[in-house]
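Here is a friendly briefing to read alongside the coordinates. Please keep the viewer open as you go through it.

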Amino acid sequence: PGKESATRLRRRAAHQTLEKARYMATLEDAVRFDRELRPRALPALLGDFGLGHLAHKLQAADLDLPSAKLLQKHDLVELGIHGDSDREAFLELLKTRDVGVVVWYREDRGIGFVRPLGTDFDDGLSNVFVARADIVRGAKSLRSGVFVSYVADAADGGPNAVARDLR
């Protein structure tokens, strides 16, 4: 009985150490995302949709993606973004698409999860499910830490939303 209890305690300690390591890796990923990827989110999104020429004006105004989502048409005029088609396309893009970073993706199964920009790093319910069939890019593959844009759809029987038209 004493030997069995010691083995059980060692297993529990090993499991807790593994969970702590996973948590720390997720925390490091969240910090890296905020520090490195967040400033690149808006230019990448605009580039994917042919509006890359607007990125430098928004960066000059020190705007990132969450703050850009709050812009109105008159704000874009003040930022020097002229032309109704550019303004309309930009506002429509920000209204209809969400942005996030790939948490993990299993190539063999063709599934994974994306953490939406601005959500807590350890809130797994905020993560969005993605399947290979919904990836628009030619490679049909994703890597952890890659920035993506998508259209969120209601969950298909699960707690997480589903990403459609992922780019």
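The points below cover the fold, the aromatic rings and the salt bridges.

This is a predicted model, in which local features need pLDDT of at least 70, side-chain atom pairs count only at pLDDT 80 or more, and totals for chains, interfaces and linings use all residues. Residues are numbered from 1 along each chain as its sequence is written, and side-chain values use heavy atoms, with hydrogens and water left out.

**Fold and surface**

- The protein has five helices and five strands; helices (H or I, at least four residues) and strands (E, at least two) are DSSP runs numbered from the N terminus.
- Reading from the N terminus, the order of elements is α-α-α-α-α-β-β-β-β-β.
- Of the 167 residues, 34% are buried; buried means under 20% relative accessible area, exposed over 50%, and partly exposed in between (1.4 Å probe, protein chains only).
- Among contacts (heavy atoms within 4.5 Å) with a separation of 6 or more, 54% are between residues 24 or more positions apart.

**Aromatic rings**

- There are two aromatic pairs in the structure; rings of Phe, Tyr and Trp (its six-membered ring) pair if their centres lie within 6.5 Å, and planes under 30 degrees apart count as stacked, over 60 as edge-to-face and the rest as tilted.
- Phe113 and Phe129 make an edge-to-face pair, because their ring centres are 5.7 Å apart and their planes stand at 70 degrees.
- This pair links distant parts of the chain, with Phe113 in strand β2 (residues 111-116) and Phe129 in strand β3 (residues 128-131), 16 residues apart.

**Salt bridges**

- The count is five salt bridges, each a side-chain nitrogen of Lys or Arg within 4 Å of a carboxyl oxygen of Asp or Glu.
- One of them pairs Arg87 with Asp84, with the closest N and O atoms 2.5 Å apart; both residues lie in helix α5 (residues 84-96), three residues apart, about one turn of the helix.
- Arg87 is buried at 10% relative accessibility, whereas Asp84 is partly exposed at 48%.
- Another salt bridge joins Asp108 and Arg106 at 2.8 Å, N to O; Asp108 is exposed at 58%, and Arg106 is partly exposed at 37%.
- Arg132 and Glu107 also meet in a salt bridge, at 3.6 Å, N to O.
- Arg132 lies in the loop between β3 and β4 (147-153) and Glu107 in the loop between β1 (98-106) and β2, so this pair ties together parts that are 25 residues apart in sequence.
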